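Please examine the model shown below.

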Amino acid sequence: MSLEIVSQARCFGGTQFVYRHASSETGTAMRFSAFVPPQAAHGKVPVVWFLSGLTCTEENFTVKAGAQRVAAELGLLVVAPDTSPRGEGVPDDPQGAYDFGLGAGFYVDATEAPWAKAYRMRSYVERELPDLVGTELPADMGRQGITGHSMGGHGALTVALRNPGRFKAVSAFAPIASPMACPWGEKALGGYLGPDRSAWRAYDACALIADGARVQDILVDQGTADSFLESQLKPSLLERACADAGIALTLRHQENYDHSYFFIASFMEDHLRWHAERLEA
């Protein structure tokens with residue numbers, strides 16, 4: 001096995017793992033968590049990917065989202081990768097900003113120096129990690145769903161839209177709906193990809209939809225007390241793009257919820273059941 005077990009613990013009849021492996025895409029050691037449900041003892045099970053937001057590692061979701069109980073009931077293998085490469089020689093924002101560099105890979109393949117060598121999170125999440133999980137874990141790669149939070153919500157939407165047919169279920173918690181239209185996204189895409197905004201369109205859900213990308217339906221939860229709602233997230237842009245394209249978007253405005261993992265934990269069960277229904281779990 002090419003995976004090193006960092007930790008494992010029995011949880012709701014299944015096992016919560018944290019793994020480490022050498023990544024050929026990033027040139028670094030990468031970590032991810034995987035909850036393997038009890039049903040995996042009898043055969044391969046559906047996979048749900050969770051992509052985390054700015055500043056996070058795989059640990060935030062694993063210990064705060066409360067996904068394991070419902071995943072164990074539904075028989076879902078839940079995988080949460082890190083949000084950026086890390087380690088000696090991996091560049092970081094020179095000012096130490098939280099929204100660029102380490103912990104802020106934005107799920108792109110960077111093309112600009114000095115980021116291009118290690119910051120290949122698109123290829124890592126779309127190709128390398130799925131190949132590894134499909135080979136080493138009891139994962140039914142014919143039944144995949146994807147979700148994420150904030151920057152990871154942007155990642156989940158764009159990964160699904162760029163890979164039609166791979167994901168049978170797509171959802172997001174407070175996603176950055178259009179990185180091309182908000183300060184977080186303009187900083188990240190400009191820094192990683194350079195000034196040509198046409199190159200940014202592959203990493204913007206609204207632009208991808210406008211350019212013809214499609215998924216069948218999407219579930220999005222958004223807190224109304226989220227301090228980033230108007231300045232960074234802008235779910236109305238996704239609502240408009242989906243309406244124009246005929247994509248069935250269920251956008252739920254959750255009163256008085258903020259951007260935290262308390263919000264995510266409150267609606268995680270709904271999202272896992274959404275995925276299980278579409279994955280026939």
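Phe106 lies in the loop between β5 and α3, where helices (H or I, at least four residues) and strands (E, at least two) are DSSP runs numbered from the N terminus. The model is a predicted one, in which local features need pLDDT of at least 70 and side-chain atom pairs count only at pLDDT 80 or more, while totals for chains, interfaces and linings use all residues. Residues are numbered from 1 along each chain as its sequence is written, and side-chain values use heavy atoms, with hydrogens and water left out.

Although Phe106 is not a glycine, its phi is positive, at about 55°. Phe106 counts as buried because its relative accessible area is 0%; buried means under 20% relative accessible area, exposed over 50%, and partly exposed in between (1.4 Å probe, protein chains only). Tyr107 is found in the loop between β5 and α3 as well, and its phi is also positive, near 55°, in a residue other than glycine. With a relative accessible area of 1%, Tyr107 is likewise buried. The loop between β5 and α3 also holds Pro114, and the peptide bond leading from Ala113 to Pro114 is cis, with omega near 0°. Most residues other than glycine have a negative phi, and most peptide bonds are trans.

Helix α3 (residues 121-136) lies across β2 (14-22), β3 (29-36), β4, β5 (77-81) and β6, and runs at about 55° to β3. Such axes are lines fitted to C-alpha atoms, for helices over the stretch in contact, and the angles run from 0 to 180 degrees between N-to-C directions; contact means heavy atoms within 4.5 Å.

How many strands form the open sheet, and in what order? There are 9 strands, in the order β1-β2-β3-β5-β4-β6-β7-β8-β9, with mixed pairing; two strands pair if DSSP finds at least two bridges between them. The edge strands, each pairing on one side only, are β1 (4-11) and β9 (248-254). From one strand to the next, the twist averages 20°.

Of the 9 residues of β2, 7 are buried, so that the strand is mostly covered. On the way to the next strand, β2 and β3 form a hairpin with 6 residues between them, and Gly27 in the turn has a positive phi of about 70°. The pairing of β2 with β3 is antiparallel over 8 bridges, and Ala22 stands opposite Ala29 in β3.

Further along the sheet, β4 (residues 45-51) and β6 (residues 139-148) run parallel and are joined by 7 bridges. In this pair, Val45 stands opposite Ala139 in β6.

Is β8 covered on one face or on both? Both faces are covered: Asp217, Leu219, Asp221 and Gly223 on one side, and Ile218, Val220 and Gln222 on the other, are all buried.

Arg214 belongs to the loop between α6 (205-210) and β8 (217-223). Arg214 counts as partly exposed because its relative accessibility is 36%. Leaving aside neighbours within four places in sequence, Arg214 is in contact with Leu161, Pro164, Ile209, Ala245 and Ile247. The C-alpha atoms of Arg214 and Gly165 are separated by 9.4 Å, although the two residues are 49 residues apart along the chain.

A search of the whole structure finds 1 cavity of 30 Å³ or more. On a 1 Å grid over the protein atoms alone, a cavity is a set of points where a 1.4 Å probe fits but cannot get out, and lining residues have an atom within 4 Å of a point. The largest cavity has a volume of about 30 Å³, a volume being the space filled by probe spheres set on the points. Its lining consists of Gln16, Ser33, Phe35, Phe61, Ala67, Gln68 and Val78.

Note on methods:
1 Å grid on protein atoms, 1.4 Å probe; cavity = no way out; pocket = protein on both sides within 12 Å on 5 of 7 lines; lining within 4 Å.
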